[in-house]
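This report describes a protein chain, part by part. Please look at the sequence and the structure below before reading on.

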Amino acid sequence: MSQDLRQIIREEYLKCAQDPAHFMKKYCNIQHPQRGRVIFNLYPFQEKVLRLWRDNPYSIVLKSRQLGISTLAAGYSLWLMLFHKDKNVLCIATKQETARNMVTKVKFMFDNLPSWLKIGAEENNKLSLRLNNGSQIKATSASSDAGRSEAVSMLIVDEAAFIEGIGEIWASAQQTLATGGGAIVLSTPYGTGNWFHKTWVSAESADNDFLPIKLPWFVHPERDENWRKRQDELLGDPRIAAQECDCDFSTSGDVVFYSEWLDFISTTTIKDPLERRGVDQNLWIWNPADYSREYMVVADVARGDGKDFSACHVIDIATNTQVAEYRGQLPPKDFGYFLCGLGTEYNNALLAVENANIGWATIDAIMERGYRNFYYSPKSDTPTAESYLQRYETQTGITPGFTMSMRTRPLVINKFREYIGDRSVTIQSKRLLEEMKVFVWKNGRPEAQSGYNDDLVMSFGIGMYLRDTSLKFQQQSLDLTRATLNNMSTARGGYTPNGVQNPFQVNDGRGNFENINWLL
C-alpha cells in the first residue's frame, strides 16, 4: 500500500470517527425492502437526529412509522462500537425477535464494511456481536430484570410504549447507566398514561433528563398529503393512522373512550365545582339538591389497601346530568353512613352500591341505617359474600347492592360508551374525565392502565346502566326494602296490645318494642 493511500485511509478513518453521519452515508450498507442492499444515504432529518443523539446522552423519540429510525439507531450503535473501546450497547424490545432485528442490522452493516474499517469479532451470533476492542451489542426481550447485571454504555428501548412493565425495566436498567451511560427510547404512541407517554410529557416540560424528539410523517421528504390520505385507507381506521403517522397519543392505544368524545366533554361540560365539602374537600357539588327532581347515587367501594378510592356520583335521572361526586378514602362503614346522608339530601335518591368484597361493610352500614330507597340486584349464581347473603336475602331472590359480574361488567361499560358516544350525558368532573383517558382494553377486559384507578369510571358506568330503568328500580327497591324490614321485624318479634303480631314492632331484646313504621 502506497504512502498516499495510507494517508487517505487515515484521514477518512478520522472523519468517520468524528462524524457518525459521514460514516453511515459512505460505508454502511442496509437492506432496503424494495432496493435490496444499498448505502445508508441519510435524509436531512435523520442526520439531525443523529447529531442530537451524539450530543445528548438521553433521548426519547416519538416517531411515525417507517422513518428508518431503528436502522439509524443500529448504525449509531455500530459507530459507537467501532470507534470507542469497551462500549456495551443493550437493545430491549417487546420480544426477543424484535430486539434481535437491531443486532441483525448492526451485523449486516459490520459484515459489509471495507476491510480497513473492520476489526476482529470475538463473538458473532444472532443475539450479540462482540468486537476485539471490548465493545459489544446484545439483544434481550423485555423483562423486569433486563439489563440489571449489565454495565450498559447505551441502552436502546425499541417500541417502548408497547412494552408491558417498562417502568420496572427502566428502573432496573437505569441504575447501570448511572456511571455515564446513555439511552435512546423509541416508539410510536400507544395511548396515554403509560410509561412512554408520561416520560415524553415530562421530557417536554424539561422535568427529566430526556431530550424529546418528535418525528411525524411529514419530516420524510418523499411523503406528501396524498401519501398521508392513503394511510387512512391502508390501515383501515383513521385513529390507527393518526397513531402510526401523526404521533397522536390521544387517538392511539386500546382506549375505551375515543379522543373525540373526551375532547367534546372537555370543551363543553367540564367545570369547577360550585362547592367542595367534607373534611377532605373531596365531595364536589355542581348542582344543589332540587326536591322537585329525582336522583340516583351510585358508588364503588375501595378495597381498603390504600391504592384505590371509594367513589360515588349523584346523577339527575331525568336530565342524565352529574350533579355531585365524591372520591376519597373513607373507611367502608363511614362511607356507608356518608352515602345515606348524601342520598337523603338528594331527595331520597336511589342508592346503588357495588356489593363486591369490602363493599359489604358499606352495605351493612346502609342497611343498619334502614335507608328507604336502596337498590337490590337479582341473586347471583356465585355469591360474593355468603354470610351477608344469608343475612339479607329475601324470598324474592335478590341481593342488596349492585352485583358486578362477568355478565354485567360489559353491559355497564357498553352503556357508558353508548351515552358518551351519543352525547346524551352531562359530565362535569375533570377527575372523572382524567380516569376515562386512561381506561383501556386489556386482553378484552376494560380497566385502568397500570398505576391508575378506575373507581369513578366504574361507579358512573353503574349509573348509566341503571339509568334507563331507574324509575322502575326505584319503585322495586322501595318494595324490596319494605319486604326486608318486614322479614327483620317478624323474625325479631312484636305484638299489638290485642295480641296480634305487628310486623313493624322490633324487640330491642329487653322486652321493649320500637315502632318502625317511620322507615316506610
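## Two packed helices

In helix α4, the residues Ser-70, Thr-71, Ala-73, Ala-74, Gly-75, Ser-77, Leu-78, Met-81 and Leu-82 are in contact with Met-102, Lys-105, Val-106, Met-109 and Phe-110 of helix α5; contact means heavy atoms within 4.5 Å. By class, this contact has 9 nonpolar, 4 polar and 1 charged residues. Ala, Val, Leu, Ile, Met, Phe, Trp, Tyr, Cys and Pro count as nonpolar, Asp, Glu, Lys and Arg as charged, and the others, Gly among them, as polar.

Two packed helices are described by the angle between their axes and the distance between the axes. Here α4 (residues 69-83) and α5 (residues 96-111) pack at about 60°, and their axes are 9 Å apart. Axes are lines fitted to C-alpha atoms, for helices over the stretch in contact, and angles run from 0 to 180 degrees between N-to-C directions. The two helices are therefore oblique to each other: angles under 35 degrees count as roughly parallel, over 145 as roughly antiparallel, 65 to 115 as roughly perpendicular, and the rest as oblique. The crossing of α4 and α5 is right-handed, which is the term used if the near helix is turned clockwise from the far one by less than a right angle.

## Basis of the model

This is a predicted model, in which local features need pLDDT of at least 70 and side-chain atom pairs count only at pLDDT 80 or more, while totals for chains, interfaces and linings use all residues. Residues are numbered from 1 along each chain as its sequence is written, and side-chain values use heavy atoms, with hydrogens and water left out.

The chain has 17 helices and 22 strands. Helices (H or I, at least four residues) and strands (E, at least two) are DSSP runs, numbered from the N terminus. Of the 520 residues, 50% count as buried; buried means under 20% relative accessible area, exposed over 50%, and partly exposed in between (1.4 Å probe, protein chains only).

## The sheet

An open sheet of 8 strands runs in the order β5-β6-β7-β4-β8-β9-β3-β10, with mixed pairing. Two strands pair if DSSP finds at least two bridges between them. At the edges stand β5 (121-124) and β10 (211-215), each with a single partner strand, so one side of each has no neighbour in the sheet. On average, neighbouring strands of the sheet are turned by 15° against each other, direction ignored.

Strands β4 (residues 88-93) and β7 (residues 136-141) pair in the parallel sense over 6 bridges. One of these residues, Ala-93, has Ser-141 in β7 as its bridge partner. Helix α3 (residues 44-55) packs on the sheet and touches β3 (58-63), β9 (182-187) and β10; the directions of α3 and β10 make about 170°.

Which residues of helix α7 (residues 195-204) are buried? They are Trp-195, Phe-196, His-197, Thr-199, Trp-200 and Ala-203. Their cover includes β3, α6 (166-174), β9 and β10.

Most residues other than glycine have a negative phi. Ala-206 has a positive phi of about 60° although it is not a glycine. Ala-206 lies in the loop between α7 and β10 and counts as exposed, at 63% relative accessibility.

## Two residues further along

Arg-423 also has a positive phi, near 55°. Its place is the loop between α14 (408-422) and α15 (430-437), and Arg-423 is exposed, with a relative accessible area of 52%.

Lys-442 is in strand β19 (residues 439-442) and is partly exposed, at 24%. Lys-442 and Val-255 are 187 residues apart in sequence and 9.5 Å apart in space, C-alpha to C-alpha.
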